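I opened this notebook page to record what I looked up in one model, going from the whole chain down to single residues.

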Amino acid sequence: VFLSVVFGGSFGHGREVMEFISRHGPVGGLLSIAAVVVTYSVLLFATFELARLFRRYEYRSFFEVLLGKFWFLYEIVILLGMIITLAVCTTAAGAIADSRFGFPAWAASIALLLIEFVLTYQGRALVEKTMILAVSSLGIVLVALVVQLAGEPVQQIRSAFASEPVQWMAWQGGMQYALVNGGFIPLLLYCARGVQSRSQAGLAAVTAATCAVIPGLVLHFSFMSLYPAITSEELPAYELMSTVGSSLFLDVYVVVLFVLIAQTGVGMLQGFLERVDSWHVQRFDRSLNHLGHGLIAVGMVVGSMALGSMGIIALILSGYTFLAMSFILVFAVPLLTRGLWLIARAR
């Protein structure tokens with residue numbers, strides 16, 4: 001689930017991999033990836049273990065433990081982050097359908113809406129199963145990409161590693177990337193219900209963190225076959241697939257990417273619905289029904305699309321640095337201070 005949410009929202013087009021990892025060069029990129037794994041592992045472990053100790057599996061109750069009466073600060077930031085991410089997802093889905101297959105952008109948006117509605121209507125179990133299938137498909141595509149790098153691309157990768165200087169401070173870019181994207185981890189607490197011990201929390205955290213960066217690692221090595229020219233590409237993953245693969249391979253990648261973009265929205269919306277369900281149980285002594293889940297998901301996506309078309313998303317995106325700092329201040333810093341203290345003192 002963590003990989004599905006991370007890949008569709010950031011790794012898929014390759015721009016964030018380039019910005020935070022590959023632009024630091026071959027070896028520098030590996031240092032950045034190592035920093036991502038370590039940072040993700042710490043954030044995931046502390047989140048899973050705190051949720052397990054206090055039995056809090058949706059973000060509002062989780063932050064009532066972590067932030068006390070200031071729990072609402074995370075809700076403000078995460079709603080803003082969800083609006084931005086959903087708007088980016090719908091825009092990306094429309095652009096992919098139009099540029100590769102010639103479908104109108106509105107058709108892609110309708111398809112995205114249907115996926116979001118069906119999966120959130122069916123609930124958490126189906127969401128997790130479809131994410132496993134989507135990630136499995138991604139794994140097959142990445143293996144095929146590695147196979148197609150045999151020959152001249154491998155020689156170019158070796159040349160890049162041999163000739164490019166090492167940027168030792170590249171780990172800072174990886175840590176920054178992980179801290180910002182880690183702000184969405186509390187939305188995925190519904191996946192931590194099966195964690196029953198501290199050792200399981202640690203194993204789950206390291207496994208999720210490692211799996212989440214494998215696509216970034218494959219893309220980084222692949223980018224080195226076109227380095228440094230590819231650093232200036234707006235969609236480096238698309239350029240890579242077009243260069244080293246066949247037209248059919250690119251089509252398959254685009255389809256898998258579309259599904260994972262949809263899964264990014266589904267994964268976050270499921271976390272939001274867990275919070276809505278908690279409120280609904282407190283207010284009406286029962287969870288919201290399936291139709292309510294589906295309609296809320298559609299409403300969120302339609303609202304993001306409408307705001308994007310009005311230009312408000314562009315205004316919000318201009319404050320992305322503020323959003324990133326907000327995630328760090330209301331989640332990462334409290335988690336790594338008060339959160340670790342609560343974990344240490346708990347029996």
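**Entry 1, the whole chain.** I note at the outset that this is a predicted model. I looked up the secondary structure first, and the protein chain comes to 15 helices and zero strands. I then checked the overall dimensions, and the C-alpha trace spans about 65 × 50 × 35 Å along its principal axes. Does the radius of gyration agree or disagree with that of a compact globule? For 347 residues a compact globule would have a radius of gyration near 20 Å, and because the protein chain has 20 Å, the two agree.

I looked up how much of the chain is covered, and buried residues make up 51% of the 347 residues. The accessible surface comes to about 15400 Å², and carbon and sulfur atoms account for 67% of that area. I also looked at which parts of the sequence meet: among contacts with a separation of 6 or more, 84% are between residues 24 or more positions apart.

I recorded 19 positive and 18 negative side chains in the protein chain, with the centres of the two sets lying 16 Å apart. How many salt bridges does a search of the whole structure find? The search finds five, and I followed some of them residue by residue.

I found a salt bridge between Arg52 and Glu49, in which the closest N and O atoms are 2.7 Å apart. Both residues belong to helix α3, which covers residues 26-54, and because they are three residues apart there, about one helical turn separates them.

Arg60 and Glu64 lie four residues apart in helix α4 (residues 59-66), which is about one turn of the helix. Arg56 counts as partly exposed at 25% relative accessibility, and Glu64 counts as partly exposed at 33%.

I looked up Ser32, which has its place in helix α3 and counts as buried at 0% relative accessibility. Leaving aside neighbours within four places in sequence, Ser32 is in contact with Phe20, Ile21, Ala170, Trp171, Gly173 and Gly174. For Gly173 I also took the C-alpha to C-alpha distance to Ser32, which is 6.1 Å, although the two residues are 141 residues apart in sequence. I then turned to Ser41, which also lies in helix α3 and which counts as buried at 12% relative accessibility. With neighbours within four places left aside, the contacts of Ser41 are with Ala205, Val206 and Ala209.

I looked up Thr120, which lies in helix α6 (residues 105-122) and is buried, with a relative accessible area of 0%. Which residues does Thr120 contact once neighbours within four places in sequence are left aside? I listed Leu269, Leu273, His293, Gly294 and Ala297. I also took a separation to Ile76, which is 44 residues away along the chain, and the C-alpha atoms of Thr120 and Ile76 are 22 Å apart. Trp106 also has its place in helix α6, but Trp106 counts as exposed, at 61% relative accessibility. From Trp106 to Leu119 I noted 13 residues in sequence and 20 Å in space, C-alpha to C-alpha.

Key:
Residues numbered from 1 in each chain as written. Predicted model: local features only at pLDDT ≥ 70, side-chain atom pairs only at ≥ 80, totals over all residues. Heavy atoms only, no water. Helix = DSSP H or I, 4+ residues; strand = E, 2+ residues; numbered from the N terminus. Rg over C-alpha atoms; globule rule 2.2 N^0.38 Å. Buried < 20%, exposed > 50% of the residue type's maximum accessible area, 1.4 Å probe, protein only. Contact = heavy atoms within 4.5 Å. Areas by Shrake-Rupley, 256 points an atom, 1.4 Å probe, with all protein chains shown as cover. Lys, Arg positive; Asp, Glu negative; His and termini not counted. Charge placed at Lys NZ, Arg CZ, Asp CG, Glu CD. Salt bridge = Lys/Arg side-chain N within 4 Å of Asp/Glu carboxyl O.
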